[in-house]
2 protein chains.
Amino acid sequence: MNEGLRPLLAPESVAIIGASTDFSRIGGMLVKYLLKFGYKGRVYPVNPKYEEIASLRCYPSVAALPEKADTALVAVPEKFILDTITDCARAGVKSAIVYSAGFAETGEEGKAKQEKLSRIIKEAGMKVCGPNCIGIINFRQNAAMSFSGFMEADRLVPGNIGFVSQSGALGGTILSRAQDRNIGFSHFVSTGNEAELDLVDFMDFMVDDPETTVIMAYVEGIRDPAKFAALSRRALEKGKPIVVLKVGETESGKRVAASHTGSLTGSDSAYSAAFRQHGVVRVEDYDDLIETAMLFSKSKLPRGNRIGILTSSGGGAIILADKFTKHGMALPDLTDSTKQQLSQKIVSFATIGNPMDLTGQLYSEPEIFKRVIELFARDENIDIVMTVISMVPKERARARATWIIEAAQAIDKPFVTWWAAGSLSEPGMALLDESQVPLFKSPERCVKALKSMVEYLGFRDRLLTSGQAASAPETAERDRARGILQASPVLTEHQAKQLLACYGIPITQEEVAKSAEQAAEIAARIGRPVALKVSSPQIAHKTEAGGIRLNISGKAAVPGAYNDIMTASRRYAPQADIEGVLVQEMAGEGTEVIVGVARDATFGPMIMFGLGGIMVEVLKDVSLRPLPITRRDAVEMLAEIKGSPILKGVRGRPPADTETIIDILLKISSLVADLGDDIAEIDLNPIIVFEQGKGARVVDALVIKKGA
Amino acid sequence: MNEGLRPLLAPESVAIIGASTDFSRIGGMLVKYLLKFGYKGRVYPVNPKYEEIASLRCYPSVAALPEKADTALVAVPEKFILDTITDCARAGVKSAIVYSAGFAETGEEGKAKQEKLSRIIKEAGMKVCGPNCIGIINFRQNAAMSFSGFMEADRLVPGNIGFVSQSGALGGTILSRAQDRNIGFSHFVSTGNEAELDLVDFMDFMVDDPETTVIMAYVEGIRDPAKFAALSRRALEKGKPIVVLKVGETESGKRVAASHTGSLTGSDSAYSAAFRQHGVVRVEDYDDLIETAMLFSKSKLPRGNRIGILTSSGGGAIILADKFTKHGMALPDLTDSTKQQLSQKIVSFATIGNPMDLTGQLYSEPEIFKRVIELFARDENIDIVMTVISMVPKERARARATWIIEAAQAIDKPFVTWWAAGSLSEPGMALLDESQVPLFKSPERCVKALKSMVEYLGFRDRLLTSGQAASAPETAERDRARGILQASPVLTEHQAKQLLACYGIPITQEEVAKSAEQAAEIAARIGRPVALKVSSPQIAHKTEAGGIRLNISGKAAVPGAYNDIMTASRRYAPQADIEGVLVQEMAGEGTEVIVGVARDATFGPMIMFGLGGIMVEVLKDVSLRPLPITRRDAVEMLAEIKGSPILKGVRGRPPADTETIIDILLKISSLVADLGDDIAEIDLNPIIVFEQGKGARVVDALVIKKGA
């Protein structure tokens with residue numbers, strides 16, 4: 001556990017440096033809010049100008065405090081920050097929150113200031129949140145160490161969600177919306193510019209914090225993906241879901257993110273891939289963050305994705321059925337046993353089924369209502385039970401909510417409610433918000449949150465069955481691979497393939513011919529139609545150079561093609577160092593796929609898989625994962641492209657040898673693990689994959705070295 | 001105008017048949033609510049049991065009323081409905097609302113009852129809403145002719161949105177949510193089982209109703225697509241947007257819809273296509289319906305899709321930028337002139353751009369805030385201005401809202417606000433809700449509503465430029481086409497193509513050979529490689545029958561192929577009537593596309609366009625329209641498939657002759673207009689489209705006659 005953060009996140013004593021009697025200033029607000037919410041620790045205002053602030057004794061300096069405060073809230077102007085941190089360190093204060101703006105977010109000068117701040121923090125050995133943040137709240141201690149507008153709330157609702165936000169303003173708004181729904185928190189942290197502590201450090205604390213069972217984060221960028229990966233793994237092992245709203249999805253969004261925080265927002269699809277790989281739930285929308293975290297914090301996990309719906313409104317059931325189906329959830333039939341019991345227990349005119357429309361009349365009978373819910377919950381086809389409530393006003397809404405809560409207590413499966421009405425039903429909705437029954441007001445958000453929960457089930461399952469990575473090849477082969485890579489600054493296609501071959505990746509049978517005669521000999525050895533390609537480190541665009549001839553067979557044709565290629569290539573690139581012509585087997589008929597590796601600014605080497613041709617080039621239908629990957633990653637990559645059915649065989653073609661593709665992905669992962677430091681990019685395009693059991697051939701390959 | 005509905009939707013006098021002193025019964029609720037909201041017309045309770053109800057004189061029968069009431073609210077049990085309608089008709093009552101359930105929604109018996117009810121209504125010449133509905137509300141007259149739980153609201157907010165709902169329960173919930181936001185209505189209609197008047201009849205009234213400027217509908221199914229098309233056209237011409245939530249999107253949803261209303265829910269993609277064609281805005285989600293209608297009712301239309309964003313929260317701007325980009329909206333740069341003026345008018349440290357982060361400080365300066373909004377609104381790159389407000393609590397929220405309202409009044413472009421906070425900002429949000437400034441609490445809904453508005457711009461534009469349909473061919477050609485279609489019960493490929501040729505659709509050069517020699521002669525005439533295909537009305541699967549040979553050339557090869565095909569086909573289908581072998585040119589290289597026609601249960605013949613191969617078969621990447629179509633429809637169909645870039649040329653291929661595809665689509669539309677009554681299905685698969693200017697050839701064609 002990141003115990004070092006305890007003084008910051010759960011302080012027993014707080015010094016307010018720059019405390020003020022003016023409650024419109026940060027130094028005043030901090031005093032005001034700590035007192036207003038009844039902070040359970042000790043508060044020490046520090047300001048040489050005052051004897052007392054709000055009946056608290058005020059100290060002239062941090063050195064004068066009666067104890068070494070757990071944390072210092074630094075509410076002084078930016079120019080005094082560095083000295084203040086030094087003073088705090090000298091006085092033995094363990095941690096600090098720096099609120100002031102004017103650092104990296106303002107440009108070059110600010111960046112330099114922030115670097116200096118980072119150095120001083122490190123030298124002092126303190127734990128510091130900020131600068132340019134709105135602070136930290138501990139909801140169990142009522143430690144309101146923030147000047148957010150949210151602090152104008154009447155109360156702090158304690159709960160089990162830990163919330164870390166890279167936006168101060170949105171952190172406050174999200175808290176405000178969540179508390180409207182009685183959704184409680186353990187901690188809130190606004191990370192600001194992250195001069196020292198970052199998003200992941202705070203999340204890491206929460207993974208071990210017994211008060212936190214769900215971690216929620218607003219994310220603009222992650223600095224250290226390895227730390228994030230380790231944190232996510234620990235959270236998954238501990239069964240604490242991480243729910244993330246990652247913004248900066250689009251180019252346009254990214255531009256704003258960069259100018260806003262100075263943090264480098266990585267490519268968004270890399271984030272998505274990393275979240276999937278590490279078992280982190282990513283939500284799409286602002287309010288989804290709150291409601292998905294709410295669902296996780298209130299509900300047990302279901303065993304699967306099968307929903308049973310009880311409704312009094314046909315329309316409500318249709319809307320839900322649409323959305324569940326769209327999001328890949330199931331609305332199964334009830335078992336015969338449930339149907340039979342339903343027909344015995346309830347009056348005959350309701351149609352038994354799923355969704356089941358109890359009609360307004362039956363919905364108003366608490367005993368029938370509860371009995372039906374119980375029968376749904378007992379049905380082995382159903383994993384999650386939900387009710388739809390429509391236009392039930394005022395007191396009737398309260399009664400309805402009471403039955404729902406009672407019914408929920410009697411069953412042992414997840415049970416959620418979508419309530420379609422507005423404030424006329426507020427008395428009932430408020431009761432649910434105070435209960436352990438997850439309430440949704442939007443059907444879309446309800447379905448998406450449940451889908452996230454089912455996704456998380458998959459993550460948990462994956463934790464147990466993630467499968468092995470590829471086994472590394474023998475040392476001799478690895479040395480040979482390293483030798484190939486280091487031998488020349490630019491690898492030819494043939495060299496690239498030799499490198500792949502060291503890792504057991506299947507390549508075309510091929511040799512480089514230095515003469516027309518040799519080309520003919522090689523072709524004869526191959527014994528099938530061949531392709532001829534000019535081999536030169538300086539000629540990257542072989543087709544353009546006239547350096548490619550395909551499907552050549554026959555004794556006479558090969559030398560002719562050799563000579564044509566040499567002539568054309570010399571004309572195209574007179575200075576090029578041409579080592580000859582690569583003679584390779586034509587791979588034959590199969591499914592074209594592409595496997596590539598490229599470096600993401602945040603996550604480093606990422607592996608890409610897609611189908612050849614328009615599927616990648618026009619439809620951008622690819623799957624990504626940060627490297628290294630496990631077998632389970634590889635299997636998921638094949639399944640998640642839209643063109644996935646093509647691999648199973650369409651238009652009369654047999655299924656492709658997917659095992660070989662998985663094997664190639666794992667071997668590339670192993671290759672990058674060994675040699676990745678020297679490799680900028682890999683492109684196996686195309687790989688021809690034969691039918692099931694018959695393997696594949698890498699037909700063309702490009703390995704670009706770093707700095708090349 | 002559908003003036004006949006005026007007595008129902010804007011009654012000056014109302015009879016309540018089955019009025020009751022028990023306010024928990026429908027007959028009592030109707031009296032209670034009409035009085036509670038202060039209905040402006042005359043109310044006549046009818047019930048022989050009472051002299052007086054709630055101080056109103058009660059009449060023994062409808063015949064005893066002092067005037068011919070505009071409408072009768074029929075609150076009697078289902079078994080008395082038919083007699084009551086007859087009585088009302090005799091007494092000269094012009095219209096009625098029938099609330100009772102127990103009709104078509106209950107099964108066969110109920111259906112029969114409802115048919116009887118329909119007959120009686122028709123004979124009586126009355127206008128009747130229902131049965132099985134929750135009634136009608138006229139918000140201008142406070143005519144609360146409904147027993148919805150929504151009637152427990154404190155007031156009816158009048159406005160300019162007309163709302164028709166095919167769900168009673170959700171109608172009430174939607175009203176409740178809308179009124180929470182001070183969104184006002186002209187009328188609300190719950191259509192129930194639509195024994196006589198249907199959804200479209202009520203919408204039609206609203207198109208002409210001067211109090212209604214936006215029409216909003218919850219739709220489960222449309223009965224008469226032609227009437228809907230005409231209505232939509234009129235609404236578009238009058239500039240009244242129609243915003244629709246159509247449910248039953250998925251198979252699962254459809255199943256529920258069918259069991260719920262007995263109305264046949266058509267294929268959902270046909271609905272989407274029809275909405276696009278007729279200029280109807282379809283929303284995706286429950287709350288989108290309310291908020292999109294709100295936006296249309298409050299805002300002027302923008303000129304384009306370019307957004308200018310002012311924010312005090314970087315995070316808020318990123319979220320919006322993400323969503324606008326995802327939904328195809330633009331965040332353009334400001335003009336130099338705007339930038340220059342901004343740098344003169346506001347203090348230097350705000351970064352000038354779009355989105356523009358004014359920071360909390362500058363956001364708090366009303367004059368700067370308003371001035372910046374004005375400059376954004378004047379910028380010719382910007383069509384829509386929006387602000388993001390984050391965590392501004394209580395009184396400060398009220399002040400902020402006031403400036404926003406003042407700023408909005410000073411500019412002449414659409415101006416919307418996303419407010420990210422919760423109820424702490426309610427004082428400000430409520431002010432906006434009472435103003436003409438559209439307020440959104442969800443960024444996703446905000447962006448989607450603006451996108452709908454831009455989509456509507458396109459619909460309006462399209463009204464002016466929808467372009468011509470294909471001109472019909474000469475009479476002689478049409479007669480010839482009809483002759484081909486009627487000559488035989490099943491059309492062979494060659495006959496199908498001859499039919500297409502009558503409409504000027506380019507087909508392969510081809511003839512049917514009755515002998516091997518004739519096949520050779522035809523091939524020689526064609527003068528290029530040919531395909532040979534068995535021609536028999538009984539052999540549909542030619543490949544399976546061994547009845548196809550492709551790419552045959554040379555004198556010897558053609559007769560050989562002919563004989564092979566005849567032998568194989570006779571073996572495959574000994575009973576088949578084989579008229580010979582179709583000898584057709586090989587069309588050559590080009591882009592494969594598919595054009596088809598199929599009948600939708602609701603919308604009748606629909607035309608389909610897609611790219612050949614996996615794009616249709618695996619990715620289901622097609623575009624649909626109800627027939628007939630105009631040129632603009634055809635152009636949009638080509639553009640809206642995901643594979644559209646392929647038509648423009650990829651992987652070194654030249655652009656395809658899209659003009660010819662458009663022409664074929666229009667000619668198929670013309671063909672179906674003439675002959676559609678006899679045609680069940682058309683399948684041109686594939687059409688080979690050559691490069692720009694070089695036309696296309698229908699290579700294979702199937703025309704299936706109705707009943708075949």
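Two strands pair if DSSP finds at least two bridges between them. A strand here is a DSSP run of E with at least two residues, a helix is a run of H or I with at least four residues, and both are numbered from the N terminus.

## Strands side by side in chain A

In chain A, strand β24 (residues 591-600) and strand β27 (residues 679-689) pair in the antiparallel sense over 6 bridges. You can find one such spot at Val595(A), whose bridge partner in β27(A) is Leu684(A).

Strand β24(A) also runs antiparallel to strand β25 (residues 604-611) of chain A, and 8 bridges join them. Asp600(A) stands opposite Gly604(A) in β25(A). The link from β24(A) to β25(A) is a hairpin through 3 residues. As a general point, side chains in a regular strand alternate between the two faces of the sheet.

## What you are looking at

This is a predicted model, where local features need pLDDT of at least 70 and side-chain atom pairs count only at pLDDT 80 or more, while totals for chains, interfaces and linings use all residues. Residues are numbered from 1 along each chain as its sequence is written, and chains are lettered from A and ligands numbered from 1 in the order in which they are written.

## Chain A as a whole

The secondary structure of chain A comes to 25 helices and 29 strands. Its C-alpha trace spans about 100 × 80 × 40 Å along the principal axes. Of the 708 residues in chain A, 56% count as buried. A residue is buried if 20 or more other C-beta atoms lie within 10 Å of its own, exposed if 12 or fewer, and partly exposed in between, with C-beta atoms placed from the backbone.

Two residues are in contact if their C-beta atoms, placed from the backbone, lie within 7 Å. Among contacts in chain A between residues at least 6 apart in sequence, 72% join residues at least 24 apart.

## Domains

Which domains does the assignment give for chain A? They are domain 1 (3-296), domain 2 (299-464), domain 3 (475-585) and domain 4 (591-705); the bounds come from an automatic or database domain assignment.

The centres of domain 1 and domain 4 of chain A, taken over C-alpha atoms, are separated by 41 Å. Even so, 10 residues of domain 1 of chain A are in contact with 9 residues of domain 4 of chain A. On the domain 1 side, helix α9 (residues 268-278) of chain A gives the largest share, 5 residues. By class, that side of domain 1 has 6 nonpolar, 4 polar and no charged residues. Ala, Val, Leu, Ile, Met, Phe, Trp, Tyr, Cys and Pro count as nonpolar, Asp, Glu, Lys and Arg as charged, and the others, Gly among them, as polar.

## The nonpolar core

A nonpolar core is a set of buried Ala, Val, Leu, Ile, Met, Phe, Trp, Tyr and Cys residues joined through C-beta atoms within 7 Å. The largest one has 435 residues, and those touching the most other members are Ala15(A), Ile16(A), Leu665(A), Ile16(B) and Leu665(B). Leaving out residues up to four places away in sequence, Ile16(A) touches residues including Leu30(A), Val31(A), Val43(A) and Leu73(A).

## Where the two chains meet

How many residues of chain B are in contact with chain A? There are 70, and they meet 70 residues of chain A. Helix α11(B) gives the most to this side of chain B, with 10 residues. By class, the side has 28 nonpolar, 26 polar and 16 charged residues.

## Backbone details in chain B

Most residues other than glycine have a negative phi, and most peptide bonds are trans. A cis peptide bond joins Gly130(B) and Pro131(B), with omega about 0°. Another cis bond joins Asn354(B) and Pro355(B), with omega about -5°.

Ala54(B) has a positive phi, near 50°, and is partly exposed, with 16 C-beta neighbours inside 10 Å.
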